[in-house]
Amino acid sequence: MEKIANNNILIIGPPNSGKTTFLAQLYGRMQSKKGNIRLARAPQNILGIKNAYERLADGLETEATPATDNLELKIPIKWEEKELELTFKDYGGEQISEIINLLEYDKTWQNRAKENDRWIYVDDYPSWIVDEA
């Protein structure tokens, strides 16, 4: 049986690697209507990135997603005259650290691995970005 591709994208990364920041910036760029990918309509639920988006708009860093959070974000987009709904998971990066340390993952992560046909790995911020002052 051939697997049908979906528009679910799993962003994987350790704590403080920028997963939520990436989603907030992506949302902001699509909302600006300046690129080829635009919002098709307002998302129903952006609670997972709303605070991050507002902080970035104010020139502040985003706050870490709580370790126990497991939120789903759906962004309806329009690209090349097609309407798609991108689905992202927003979660605390500590969950990835736990998977690495224990070398096992629970049913939630088993399902994520199966349900998401596209993955993006976000590594730690490069050290040259961090202000040492």
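The secondary structure of this protein chain comes to four helices and five strands, and the model is a predicted one.

**Exercise 1.** Which residues of helix H3 are buried, and what do they pack against?

*Solution.* 
- Step 1: Locate helix H3, which spans residues 94-102; Gln95, Ile96 and Ile99 are buried there.
- Step 2: These residues lie on the same side of H3, because they cover an arc of only 100 degrees around the axis.
- Step 3: Recall that an α-helix has 3.6 residues a turn, so residues three or four places apart point the same way.
- Step 4: Look for the partners of the buried residues: strand S1 (8-12), strand S3 (70-79), strand S4 (82-91) and helix H4.

**Exercise 2.** Work out which side chain of opposite charge is nearest to Arg112, and how far away it is.

*Solution.* 
- Step 1: Find Arg112 in helix H4, residues 107-115.
- Step 2: Search for the opposite charge: the nearest such side chain is Glu115, 7.0 Å away.
- Step 3: A salt bridge needs the charged atoms within 4 Å, so Arg112, although buried, has none.
- Step 4: List its contacts, setting aside neighbours within four places in sequence: Arg112 touches Leu10, Asn70, Lys89, Tyr91 and Gln95.

Notes. Residues numbered from 1 in each chain as written. Predicted model: local features only at pLDDT ≥ 70, side-chain atom pairs only at ≥ 80, totals over all residues. Heavy atoms only, no water. Helix = DSSP H or I, 4+ residues; strand = E, 2+ residues; numbered from the N terminus. Buried < 20%, exposed > 50% of the residue type's maximum accessible area, 1.4 Å probe, protein only. Lys, Arg positive; Asp, Glu negative; His and termini not counted. Contact = heavy atoms within 4.5 Å. Arc of directions from axis to C-beta.
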